[in-house]
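Student: I have a model open and would like to learn how to read its features. Could we go through a few together?

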Amino acid sequence: MMSTVGLAAKRSVLDADPGELEGWMAERGYRAYHARQVIRWIFERRADRFEVMSDLAKRLREALEAEWSLFATKVALHHVSPDGTDKLLLECPDGRRVECVLMAEDARRTVCVSTQVGCGMGCVFCASGLKGVERNLTRGEIVEQVVRLRNLLPEGERLTNLVVMGMGESLANLDNLIPALDRICSVEGLGMGQRRVTISTVGLPEKMRKLAAIDRQYNLAVSLHAPTEALRDKLVPINKKVGLRAVVDAADHYFRSSGRRVTFEYVLLRGINDGEGEAKALADLLEAKKAHANLIPYNPVEGLPFERPKAEAVRRFEAILRGRGVSVSIRKTKGREIDAACGQLRRRAETAEGVADPQDLVMAIGSPPS
Ligand code: SF4
């Protein structure tokens with residue numbers, strides 16, 4: 001698991017600062033525009049190795065191959081659910097693994113990416129936090145998740161949305177996340193609109209204010225999961241340090257600064273936070289705001305004692321919020337068959353439970369056009 005592979009010694013193109021590859025080219029007597037050609041091959045032409053970059057001299061391609069990696073990660077597993085959801089388990093150069101998901105619904109093609117290996121927030125119902133946080137992902141490792149998933153789409157199809165809701169607490173890795181998103185949203189990257197990007201956080205007020213200050217148009221989703229301090233302290237342990245009130249205040253601040261309506265995520269756990277009392281308390285918290293509540297019926301995790309709520313409880317919860325004028329939706333579960341709840345694919349692969357034969361499940365990413 002922790003073995004270091006050869007790629008670790010090479011510099012990663014997607015981790016490099018804009019200009020770093022140009023500098024490398026200049027030192028070797030190559031023109032700067034060759035660096036832009038490499039970037040275009042990755043983002044526009046879906047190249048996954050230097051060899052196919054046919055408009056670069058063979059000598060340059062070989063020099064690049066010797067010192068740079070196009071993708072620092074490799075695909076350890078590729079699961080496809082019957083509903084068409086793709087989930088990749090990517091292995092980083094240090095052997096650590098992260099997961100990311102591509103979901104298709106009508107015209108939407110949404111990717112969900114991770115920002116950390118593991119998670120240090122310890123939400124009691126979540127598979128990702130079971131072993132704590134191991135490290136932050138680099139910006140290149142974040143960008144690669146998006147590019148690899150985009151490369152699964154048929155030629156000509158584009159990603160429409162990006163949600164940063166995979167493994168890890170996004171805002172705990174803000175310093176790598178923002179450059180990664182900037183690259184994805186840049187014209188030289190995938191050209192995705194900032195308003196198509198949603199960053200999820202468990203609610204770190206200081207970081208939420210920092211995000212508000214950097215003047216982007218990203219949407220913010222705050223994982224609330226409980227409408228009272230006492231219940232949130234139990235479900236989301238970090239709440240004991242930050243407090244529900246401070247989280248909601250920081251969300252209000254984000255809305256005032258960015259003009260983007262904040263979404264409050266609420267995982268419904270049977271018999272724990274899905275009752276009428278909690279619905280009314282959540283309505284008290286949200287009814288005066290221009291905010292949205294997204295209810296997520298829990299996806300059970302093996303080994304954890306939480307259950308999916310009854311359909312009737314979900315409907316009642318939604319009706320109470322709607323009746324109080326709160327904008328509300330229920331998230332459809334995509335890819336349940338392939339463990340799309342965050343952290344589950346990685347966990348199963350590690351414990352060898354539920355995966356019949358990894359070889360059966362690994363699929364090669366298609367070759368790029370030459
Ligand atoms: S729910 Fe999110 S913040 Fe909480 S432990 Fe899981 S990954 Fe971390």
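Student: What is the volume of the second largest pocket?

Tutor: Happy to start there, and keep in mind that this is a predicted model. Rolling a probe the size of a water molecule over the atoms shows where empty space is left. In this case the second largest pocket has a volume of about 450 Å³.

Student: Which residues lie nearest its centre?

Tutor: The lining of the second largest pocket has 25 residues, and those nearest the centre are Pro 18, Gly 19, Ile 39, Arg 183 and Glu 188. By class, the lining splits into 12 nonpolar, 10 charged and 3 polar residues.

Student: Which helix gives the most to that lining?

Tutor: Helix 2 does, with 5 residues. At least two residues each come from helix 1 (20-27), helix 2 (33-43), helix 4 (139-150) and helix 5 (174-185).

Student: Let's turn to the ligand. Which residues surround it?

Tutor: Around the ligand you will find Cys 119, Met 121, Gly 122, Cys 123, Cys 126, Ser 128, Gly 168 and Val 202. This shell has 5 nonpolar and 3 polar residues, with no charged ones.

Student: Now a helix. Which residues of helix 3 are buried?

Tutor: In helix 3, which spans residues 58-67, the buried residues are Leu 60, Arg 61 and Leu 64. They share one side of helix 3, because they cover an arc of only 100 degrees around the axis.

Student: What do those buried residues pack against, and what does the face turned away carry?

Tutor: The buried residues of helix 3 pack against helix 1, helix 2 and strand 2 (68-69). The face turned away from the buried side carries Lys 58, Arg 59 and Ala 66, which are exposed.

Student: What does Ser 329 touch?

Tutor: With residues up to four places away in sequence again left out, Ser 329 touches His 292, Ala 293, Asn 294 and Leu 295.

Definitions and conventions: Residues numbered from 1 in each chain as written. Predicted model: local features only at pLDDT ≥ 70, side-chain atom pairs only at ≥ 80, totals over all residues. Heavy atoms only, no water. 1 Å grid on protein atoms, 1.4 Å probe; cavity = no way out; pocket = protein on both sides within 12 Å on 5 of 7 lines; lining within 4 Å. Points joined across faces, edges and corners; volume = space filled by probe spheres on them. Helix = DSSP H or I, 4+ residues; strand = E, 2+ residues; numbered from the N terminus. Nonpolar A, V, L, I, M, F, W, Y, C, P; charged D, E, K, R; others polar. Near = heavy atom within 4 Å. Buried < 20%, exposed > 50% of the residue type's maximum accessible area, 1.4 Å probe, protein only. Arc of directions from axis to C-beta. Contact = heavy atoms within 4.5 Å.
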